[in-house]
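Open the model in your viewer and switch to a cartoon view.

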Amino acid sequence: MGEQDEDLGAFDPNIPEEGPSAPPPGWLDVIHGYQGHKGGEEDNPLYPPPPAYNPQPELNRNTVVPDIRVPTVSEDVAREALLKFVESKWKYSSKPARNLVFKELKPITVYRYRLETYTETRTSGWQFEPYNGQAVDGPQYGASPSPWDVLMALPPRFSDRVEKVRVPHSSLVKPCHKCNGCGRTRCGHCFGRGLRRCPFCHGHGSSRNKRCTSCQGRGRKRCTFCHGHGYKTCCVCHGNQSLLHFIQLTVTWKNDVSNFIPDRQPDFPDKKFENVTGDPFFVDESVLVYPIQGFPDQEICDVSTKLINEHLNRFRSTSRILQQRQSIEMVPLTHARYSYSGKDFSFYVYGVENQVFASKYPSACSIL
Ligand SMILES: [Zn+2]
Ligand SMILES: [Zn+2]
Ligand SMILES: [Zn+2]
């Protein structure tokens, strides 16, 4: 501030300048089991889970997969599916779909392997709220339970959810770090004086020997930011002077899904399978599943081993694995070859939903 500002309004030296928005390092004590809190916005990951938790896949368990049937699609079903597909494309005529002659409907065996791993992750961080006399569940009621001992109600299996809870007995009250326990902070715009230099006459009270009408010749005006008070109610404690600090535990339940379909049909884009369902003829659920063995398609066995290892490596050290589920689906896929107006075409019918993929279709223009 310049010297000219010195004689502006009265200023209360007891009202502090604004402090930091978050508690500074060392402001809060370390609570056993929740080490490393620096009072910042970032939550601390709380891993690994306790050593007592270490599930192992059941050994010597052969995952036996039942026989599978290859679904077939009739000519009527294939034609109906194609008609629906054609209707969704405004530039296609339905005439070829109604009049085509099928040559072959070839079912193709497509398996989809899916591995789901349902995990729970816990993180924690200090939170605070203005203190105005609410109950304080502090250490006088006992030691805080360690992070993985805080009891939580489980959501339905395989459903994603996030819940935040206060760690029992972790609460404490401290003077507000923003206002130093004053409840007010000095206005930074007028430096606590409640008055600011008049912007029209630059504090001179006059310009070109005329009395300034904006400040009535006073050279200063009431500060609009603090309404002339020189201070503002503290935005952190809302004037309560104290804050209630507590550790907030964030519990995240998440289902991670990996899918794999061996590419057996180069003409058919495998991405299309993502939007359709299949027939899950094999479902295996356990805390940890064991790689599939003895399935006729060796690639499925191999990918089961690979993905199970990947999931274990990815989640075991940071999360609690609550449940795993692996499944093999038979995803219907039929290659339909037909002729129309003396030319050969083909399309695919796929998924339980009988979706159609056709890279070529006899257009009305080329035929007429
Ligand atoms: Zn003025
Ligand atoms: Zn002000
Ligand atoms: Zn405050």
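Begin by selecting R122. Across from R122 stands V251, in strand β12. This is a predicted model, in which local features need pLDDT of at least 70, side-chain atom pairs count only at pLDDT 80 or more, and totals for chains, interfaces and linings use all residues. Residues are numbered from 1 along each chain as its sequence is written, while chains are lettered from A and ligands numbered from 1 in the order in which they are written.

A word on terms. Strands are DSSP runs of E with at least two residues, numbered from the N terminus. Two strands count as paired if DSSP finds at least two bridges between them.

**Stop 1: β3 and β12**

Select residues 111–130 for β3. Now pick E116: V257 is its bridge partner in β12.

**Stop 2: other partners of β3**

Stay on β3. Select residues 320–330, which make up strand β14. β3 and β14 pair in the antiparallel sense, over 10 bridges. Click Y111 and look across to M330 in β14.

Next, select residues 44–45. This is strand β1, antiparallel to β3 and joined to it by 2 bridges. Which residue of β3 is the bridge partner of N44? Select S124 to see that partner.

**Stop 3: other partners of β12**

Return to β12 and select residues 161–166, strand β4. β4 and β12 run antiparallel, with 6 bridges joining them. Highlight V165 here; its bridge partner in β12 is L249.

Move on to residues 172–175, strand β5. β5 also pairs with β12 in the antiparallel sense, over 4 bridges. Pick L172, and you will find H245 of β12 opposite.

While side chains are on display, keep one rule in mind. In a regular strand, side chains alternate between the two faces of the sheet.

**Stop 4: an open sheet**

Now for a sheet of 4 strands. Its order is β2-β15-β16-β17, it is open, and the pairing is antiparallel. Where are its edges? Select β2 (101–107) and β17 (355–357): each pairs on one side only. Neighbouring strands are turned by 25° against each other on average, direction ignored. Here the axes are lines fitted to C-alpha atoms, and angles run from 0 to 180 degrees between N-to-C directions.

Finish at residues 343–350, strand β16. 3 bridges join β16 to β17, and the two run antiparallel. For the last pair, select Y348, with F357 of β17 opposite.
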